[in-house]
Amino acid sequence: EHAGSTAGAQAAKLLGDLGATVVCIEPPGGAALRSDPAAWAAFMTSKHVVAAGSAEAATAAARADIEI
């Protein structure tokens with residue numbers, strides 16, 4: 001997931017809650033959602049966060065079945 005909206009973050013959270021492996025790829029400086037601590041706490045459960053441009057992000061993107 002690298003959505004820039006709460007709708008995308010919520011969709012990815014729901015998939016994670018249903019058992020999907022969800023990787024949140026954050027841009028340099030962090031995701032915009034971090035500016036709202038309540039939203040961050042609510043929507044970032046069931047996710048693994050990695051930095052954009054990292055080897056881990058590239059691997060996650062290459063193995064992804066879907067992209068949000």
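View 1. The residues lining the largest pocket comprise 11 nonpolar, four polar and five charged, where Ala, Val, Leu, Ile, Met, Phe, Trp, Tyr, Cys and Pro count as nonpolar, Asp, Glu, Lys and Arg as charged, and the others, Gly among them, as polar. A pocket is an open set of points on a 1 Å grid over the protein atoms alone where a 1.4 Å probe fits, with protein on both sides within 12 Å along at least five of seven lines, and lining residues have an atom within 4 Å of a point. This pocket holds about 490 Å³ of space, and of its 20 lining residues Thr 21, Val 23, Ala 60, Ala 64 and Ile 66 are the closest to its centre. Helix H3 (55-63) gives the largest share of the lining, five residues.

View 2. H1 (residues 6-17) has 12 residues, and Gly 8, Ala 9, Ala 12, Lys 13 and Gly 16 in H1 are buried, meaning under 20% relative accessible area with a 1.4 Å probe, protein chains only.

**Notes.** Residues are numbered from 1 along each chain as its sequence is written, and side-chain values use heavy atoms, with hydrogens and water left out. Because the model is predicted, local features need pLDDT of at least 70 and side-chain atom pairs count only at pLDDT 80 or more, whereas totals for chains, interfaces and linings use all residues.

Terms used: Helices (H or I, at least four residues) and strands (E, at least two) are DSSP runs, numbered from the N terminus. The expected span of a helix is 1.5 Å times one less than its number of residues. Buried means under 20% relative accessible area, exposed over 50%, partly exposed in between (1.4 Å probe, protein chains only). Grid points are joined across faces, edges and corners, and a volume is the space filled by probe spheres set on the points.
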